[in-house]
Amino acid sequence: MAHQCEASAAFMSHGATTRALHIPYIVAEIFQCLAPFGGQVVNIQDFSEENWRYSRQCQHALLQLARVCRAFVDPALDVLYHTMSSLRALLDILPSFRDGSHTAPFTIAGGITDAQWARFQEYARRVRILELVTPLHCVKLPRIAWDLLEMRSAGNPLLPCLHTLHFLNVEPEDPVGVTLLLSQTIRHLVLTCSTKRQIAANPAFVLMATSPLPQLHSLRIHGYPYISPRSLNQLPHLNQLHTLTIAHSGIIVDYDALRIISHLTSLEDLTLAVDLSERDLTRPLQLGPGFRALKHLHLCGIIQEIRAILLACGRCPRMQAFGLIIISALSAEMVINTFAIVQDQLTDAITDIQFRILDDLDFSLFSLTDIVEPFFAFPKVDAFLADFAGHIPRMNYDDVSRLTAAWPSLTSFHFICDQTQPPGFDGALKIEGLAEMARRWPLLDYLHLPILDVRTLPSPSDVPRINHKMLADLEVFELRGEETVDIASLAVILDRLFPNLERPASFKKEELTRQNPTFTRPLGALDYARLLMGVITVNRECEQATGEVDVACAHPAHLEIEDSPP
């Protein structure tokens with residue numbers, strides 16, 4: 001009887017499994033687990049041999065599944081062709097496209113029959129994401145090849161179900177490839193240029209702006225030296241556009257283009273560079289209601305123009321992330337006054353504040369809190385970035401106390417300046433301030449400082465063992481006093497504050513040289529301190545069985561070498 005029950009249960013279990021594998025949704029979910037890298041494109045330049053092997057194994061497994069039974073064919077091929085980083089796999093389906101030379105990967109050997117085109121379409125309809133993001137991926141087809149594809153497509157897009165397209169180096173004189181790849185189903189479009197030559201007019205962008213893309217959700221353009229703002233004239237037709245990123249595109253938005261953008265009420269995320277030099281800023285700007293619906297806004301321009309836009313925007317109650325790139329400002333005081341205007345336009349929904357000041361102004365007469373005090377009105381801020389081109393503001397223990405009190409939930413603090421400060425600068429943060437950050441920002445996981453003063457260190461035993469749980473990344477551009485600092489003491493102090501701080505994963509000699517890619521410059525005191533922190537970690541792990549290790553005792557001055565017992 002027991003054997004009969006077991007046999008019956010096995011039969012019913014087998015039957016349920018068989019029935020489940022005939023449900024397309026369940027099969028598709030199972031096969032999705034075999035999508036290389038979760039269906040995301042990985043830059044071929046970043047591929048390791050292991051990654052390449054893994055990707056090929058996933059593809060091979062999907063091909064094998066497609067051959068198992070008729071029910072597996074569609075779900076397996078859907079996953080296999082869902083995300084592509086090259087057109088080669090599709091073009092290989094067409095016998096007319098034969099392998100060529102390195103400079104011309106394909107040659108044309110004839111026309112395309114109806115049967116061949118139908119087979120091509122059977123695979124092309126499965127592609128959802130196409131990211132041609134490196135020169136190796138961007139197959140350079142001869143014009144005759146594009147003409148042949150265009151003729152066979154008969155006005156229809158090459159990939160009819162494509163929803164994400166990232167295209168590198170759209171050629172201004174020959175945008176036909178983009179013409180064929182633009183589909184009405186596209187929701188995310190990224191166009192990137194890595195060339196340095198001046199492009200006066202780019203038909204591809206005019207095409208992109210005027211083509212009917214009714215479902216376009218996000219548009220990002222990067223790298224083009226110059227594109228006329230007139231190419232934005234058709235933006236109002238994109239009534240589902242949520243994200244527009246053109247600050248680094250060469251499109252400098254003038255007043256007319258800004259007014260067009262300000263009437264896009266569907267926008268939630270906007271990044272742009274402005275040039276209102278032809279507009280009289282003594283008169284208020286007349287902008288539409290679109291800015292008030294934004295959740296993320298990043299502006300780049302001179303400070304007078306930024307102030308005029310902020311005043312014309314009105315209050316932005318939905319704003320969560322706000323950023324400025326100030327190209328030029330008359331004075332540090334004007335920057336502070338502009339931040340007061342920002343405070344009036346935003347609400348306490350803001351969580352991310354960033355600003356970069358490209359003008360080399362002298363902020364050394366101010367403290368960091370003098371400058372960012374208007375932002376203290378937003379207690380939910382969890383990410384902060386301040387980037388200065390030259391003389392930075394001071395930051396001492398009192399500043400840290402005010403910052404931590406204003407933003408108790410901060411997770412990321414970037415205070416950046418990529419140049420050393422003058423020898424007389426006395427506003428560098430000290431270890432006491434770093435300890436206060438560790439104590440009062442428990443969620444902090446990234447910390448970047450322009451300068452840390454270690455000329456006078458407290459005794460490691462006097463530094464409280466805070467054991468911050470989150471911080472792994474600490475970057476310091478300038479360590480003031482690193483020539484004379486006691487590196488062992490610094491290592492112990494950092495370990496007491498941030499025991500999870502990133503440290504070497506290996507202590508093999510060949511991996512600790514100055515050529516180690518972990519270190520982008522010659523080893524400094526902080527790098528050596530991290531090495532010693534790694535040693536402390538190894539020692540702590542060895543001693544876990546006997547209780548907590550007092551890392552203060554790891555200071556060389558406290559170590560005594562005794563003769564081993566016989």
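Reader: At roughly what angle do the axes of helices H14 and H15 cross?
Author: The model is predicted, so local features require pLDDT of at least 70 and side-chain atom pairs pLDDT 80 or more, while totals for chains, interfaces and linings use all residues. Residues are numbered from 1 along each chain as its sequence is written, and side-chain values use heavy atoms, leaving out hydrogens and water. Helices (H or I, at least four residues) and strands (E, at least two) are DSSP runs numbered from the N terminus, and axes are lines fitted to C-alpha atoms, for helices over the stretch in contact, with angles from 0 to 180 degrees between N-to-C directions. The axes of H14 and H15 (residues 431–440) come within 9 Å, and they cross at roughly 15 degrees.

Reader: How is the orientation of H14 relative to H15 classed?
Author: Angles under 35 degrees count as roughly parallel, over 145 as roughly antiparallel, 65 to 115 as roughly perpendicular and the rest as oblique. The crossing angle here is roughly 15 degrees. H14 and H15 are therefore roughly parallel.

Reader: Which residues of H15 make the contact with H14?
Author: Contact means heavy atoms within 4.5 Å. H14 contributes Tyr397, Val400, Ser401, Thr404 and Ala405. On the side of H15, the residues are Glu432, Gly433, Glu436, Met437 and Arg440.

Reader: How many aromatic pairs are there?
Author: Rings of Phe, Tyr and Trp (its six-membered ring) pair if their centres lie within 6.5 Å; planes under 30 degrees apart count as stacked, over 60 as edge-to-face and the rest as tilted. By this rule the number of aromatic pairs is 14.

Reader: Why is the pair of Phe376 and Trp407 classed as it is?
Author: The ring centres of Phe376 and Trp407 are 5.5 Å apart. Because their planes stand at 80 degrees, the pair is edge-to-face.

Reader: How many residues apart in sequence are the parts that this pair ties together?
Author: Phe376 lies in the loop between helix H13 (368–372) and strand E14 (383–388). Trp407 lies in the loop between helix H14 (397–406) and strand E15 (412–416), so the parts tied together are separated in sequence by 31 residues.

Reader: Are Phe388 and Phe415 buried or exposed?
Author: Phe388 and Phe415 form an edge-to-face pair, 5.9 Å centre to centre with 75 degrees between the planes. Phe388 lies in strand E14 and Phe415 in strand E15. Buried means under 20% relative accessible area, exposed over 50% and partly exposed in between (1.4 Å probe, protein chains only). Phe388 and Phe415 are both buried.
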